[in-house]
Amino acid sequence: MAESSHPLSIRLEQLQGVEVGTPVLLQGYPVGRVEKVKLKREGTAYYFIAKASINEDIVLWEGTKATIIGQGLSGTALSLALPPADQREVELKGGATLAGE
């Protein structure tokens, strides 16, 4: 991982093994790690915010989503899915919150 990073939050309805240290992948390549997980409440519903550090040189766009994936014996990862190339218009700022699936 690069020495410099920027923050990214990912909203998840279920944790499914996501914890501090869970890798964040872009096209299968590690670009960050989960640094913190918080339980939040909105009305009568609960959800989680996974706060991650992403390599500073990684650019994400509005429409990027995060999916929890299994990694064989090594556990769980968060995989970032970019929007189609023709829809990558607005870059996300550090600290943005992504929808998780």
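Student: In what order do the seven strands close into a barrel?
Tutor: In this predicted model, the order around the barrel is 1-4-3-2-6-5-7, with mixed pairing, where strands are DSSP runs of E with at least two residues, numbered from the N terminus, and two strands pair if DSSP finds at least two bridges between them. The twist from one strand to the next averages 35°, taken between N-to-C directions of lines fitted to C-alpha atoms, on a scale from 0 to 180 degrees.

Student: How many bridges join strand 3 to strand 4?
Tutor: Ten bridges join these two strands, which run antiparallel, and R41 has Y46 in strand 4 as its bridge partner.

Student: Switching topic, which residues of the largest nonpolar core touch the most other members?
Tutor: Those are I10, L12, V24, L78 and L80, out of 19 residues; such a core is a set of buried Ala, Val, Leu, Ile, Met, Phe, Trp, Tyr and Cys residues joined through side-chain atoms within 4.5 Å. Strand 4 gives the most to this core, with four residues.

Student: And T22, is that buried or exposed?
Tutor: T22 counts as buried because its relative accessibility is 5%, and buried means under 20% relative accessible area, exposed over 50%, partly exposed in between, with a 1.4 Å probe and protein chains only. T22 lies in the loop between strand 1 and strand 2, and its side chain reaches the backbone oxygen of E19 at 2.8 Å.

Student: What should I know about the numbering and the cut-offs?
Tutor: Residues are numbered from 1 along each chain as its sequence is written. Local features need pLDDT of at least 70, side-chain atom pairs count only at pLDDT 80 or more, totals for chains, interfaces and linings use all residues, and side-chain values use heavy atoms, leaving out hydrogens and water.

Notes. Polar contact = N/O pair within 3.5 Å; in protein donor to acceptor, adjacent residues only side chain to side chain.
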